[in-house]
Amino acid sequence: MIAQRYYDKDIPLPLTELVKIYNSSCPSLSTCKDLSYIPYILTSTILMEILLKRILFKINGRYRGTHNIRTLAESFDQFGVETRKLSKEELEFLSIDHSSIRYTLNLYFDVTLTESVIDGLFEYFISIAVSLGIE
């Protein structure tokens, strides 16, 4: 089956539940000695994709069928939602394509993400979602 290019139905995941899921996956909650960031990378990139697609749905009535969250975030300006300049670390995070990690898993074994940077990025986009009336 060929994936749809554009989707015109909102994702039925409330922001409160998205935040709850994200907070549950944070590495700072782990008590493991040898922490792997792979679950955090997967969870946070998937949740960021959902958040960005919900924003795009609100401002455009549809969203693109892409897993590239950087592309999604950079498309807001064309629909009248101005975004701030993102830091290098934020852009690096947004460049992670969770759908390809399974093919390049070895590249992510030693990756560590700065949780505060990712938290800040989530807070930023959640504030945009709330200001647009997304619940």
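## A first look at the protein chain

The protein chain has five helices and two strands; here helices (H or I, at least four residues) and strands (E, at least two) are DSSP runs, numbered from the N terminus. This is a predicted model, in which local features need pLDDT of at least 70, side-chain atom pairs count only at pLDDT 80 or more, and totals for chains, interfaces and linings use all residues. Residues are numbered from 1 along each chain as its sequence is written, and side-chain values use heavy atoms, leaving out hydrogens and water.

If you walk along the sequence, the pattern of the protein chain is β-α-α-β-α-α-α. Now for some overall values of the protein chain.

| Property of the protein chain | Value |
|---|---|
| Span of the C-alpha trace along its principal axes | about 45 × 35 × 30 Å |
| Distance between the mean positions of the 14 positive and 17 negative charges | 6 Å |

For these charges, Lys and Arg count as positive and Asp and Glu as negative, while His and the chain ends are not counted. The place of a charge is NZ of Lys, CZ of Arg, CG of Asp or CD of Glu.

How much of the protein chain is buried? Buried residues make up 39% of its 135 residues, where buried means under 20% relative accessible area, exposed over 50%, and partly exposed in between (1.4 Å probe, protein chains only).

Let us visit one residue. Glu17 sits in helix H1, which covers residues 15-24. Glu17 has a relative accessible area of 31%, so it is partly exposed.
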